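Reader: I am new to this structure. How should I start reading it?

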Amino acid sequence: MSATVDFVGVGFPEDGTRPHEPVSYEQFGVDFIRLAVTDERLAAALSAVAGDVIRVGPITVGPAGAATVDAEGRIGPPRIQRREDIPLSFRAVLPVDLSLDVKVAGVNHHYDAKVGLPLDLTVQTIEPITLVIDVARVSSRDVDVSLKAEGMRARLLSRLGNVEDEIRRHVARFVRERVDSPEGERARRIEILPLIDQAWRPQAG
């Protein structure tokens, strides 16, 4: 059995044969991005950006500000769908179970809502050797809100009129703030050079 010399993480036999066919630098770059940015890794990065809890409010709603709304919810695991290969892009949906307390004339009314946050993601490459996940700006029109209400509670919502629109607007703003936050920017950015330096650093001993 021939010994191997480890070079850039690939073992080459000393007899000069290669275990794999060489590829061009360009193809290497394309393959690297496709293999590095998986659905699972992207979902983990999105979870780090969004967090697991969303809070909005108090929000003034209804004619003459007749009611206030406070909402809190849990953000579930993202659902990821790959859309294009070059540039590499994805559509992600963040599901949220939202709990709302609507206060009218001093009386609290509780509602549950299902919220879907669609996000368009594109993998960008920037110098020096850095991957960045770009998140398209989210608007209130993109946010899907479904409030559960029947009977008297449904009639109350119909009188207030703009509860769902206000929830959409505040949830979209929450997402934009998270994406643009320092924590969000760090989670969306992967610098490759420090990883290469670490891999090539001589092992102690």
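Predicted model: local features only at pLDDT ≥ 70, side-chain atom pairs only at ≥ 80, totals over all residues.

Reader: How many residues are in the largest nonpolar core, and which have the most contacts inside it?

Author: A nonpolar core is a set of buried nonpolar residues joined through their side chains. Here the largest one has 46 residues. Leu98, Leu100, Leu119, Leu121 and Ile167 have the most contacts inside it. At least two residues of this core come from each of several elements, including helix H2 (39-50), strand S7 (107-126) and helix H4 (163-180). Strand S6 gives the most, with eight residues.

Reader: Which residues does Leu121 touch, not counting those up to four places away in sequence?

Author: With those set aside, Leu121 touches Leu42, Leu46, Leu88, Ser89, Phe90, Ala92, Ile133, Asp134 and Val135.

Reader: Is Val175 buried or exposed?

Author: Buried means under 20% relative accessible area. Val175 has a value of 7%, so Val175 is buried. Its place is in helix H4. Leaving aside neighbours within four places in sequence, Val175 is in contact with Leu117, Leu119 and Val138.

Reader: What separates the C-alpha atoms of Val175 and Gly51?

Author: These two residues are 124 residues apart along the chain, and their C-alpha atoms are separated by 9.9 Å.

Reader: Why does His170 count as buried?

Author: The same cut-off, under 20%, applies. His170 counts as buried because its relative accessibility is 11%. His170 is found in helix H4. Not counting residues up to four places away in sequence, His170 touches Val56 and Ile59.

Terms used
Residues numbered from 1 in each chain as written. Heavy atoms only, no water. Core = buried A, V, L, I, M, F, W, Y, C linked by side-chain atoms within 4.5 Å. Buried < 20%, exposed > 50% of the residue type's maximum accessible area, 1.4 Å probe, protein only. Helix = DSSP H or I, 4+ residues; strand = E, 2+ residues; numbered from the N terminus. Contact = heavy atoms within 4.5 Å.
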